[in-house]
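Welcome! Let us take a walk through this structure together, one part at a time.

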Amino acid sequence: MQLVDGIEHAVDPGQTAMFDGDTPQTCRGAGAETCP
């Protein structure tokens, strides 16, 4: 899960997320599994 400027976006395996570098963001796992 990618949280960009307060909005959650699902990012599936093999996908990428693009956003402006000065935008507040964080990554987190949405499930119980370990994020690779």
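**A loop and a sheet**

Please keep in mind that the model you are looking at is predicted. Is threonine 16 buried or exposed? Its relative accessibility is 68%, and because exposed means over 50%, threonine 16 counts as exposed.

Now follow the chain to threonine 23, found in the loop between strand S2 (7-9) and strand S3 (25-27). Here the relative accessibility is 18%, and since buried means under 20%, threonine 23 counts as buried. Which residues does threonine 23 touch, once its neighbours within four places in sequence are left aside? The answer is Val4 and Asp5.

Next, turn to the strands themselves. Strands of a sheet pair through backbone hydrogen bonds, either parallel or antiparallel. In this model, three strands make an open sheet in the order S2-S1-S3, and the pairing is antiparallel. S2 and S3 are the edge strands, each pairing on one side only. On average, neighbouring strands of this sheet are turned by 20° against each other, with direction ignored.

To finish, have a look at one of these pairings. Strand S1, residues 2-4, pairs with S2 in the antiparallel sense over three bridges. If you look for leucine 3, you will find glutamate 8 of S2 standing opposite.

Conventions
Residues are numbered from 1 along each chain as its sequence is written. This is a predicted model: local features need pLDDT of at least 70, side-chain atom pairs count only at pLDDT 80 or more; totals for chains, interfaces and linings use all residues. Side-chain values use heavy atoms; hydrogens and water are left out. Helices (H or I, at least four residues) and strands (E, at least two) are DSSP runs, numbered from the N terminus. Buried means under 20% relative accessible area, exposed over 50%, partly exposed in between (1.4 Å probe, protein chains only). Contact means heavy atoms within 4.5 Å. Two strands pair if DSSP finds at least two bridges between them. Axes are lines fitted to C-alpha atoms, for helices over the stretch in contact, and angles run from 0 to 180 degrees between N-to-C directions.
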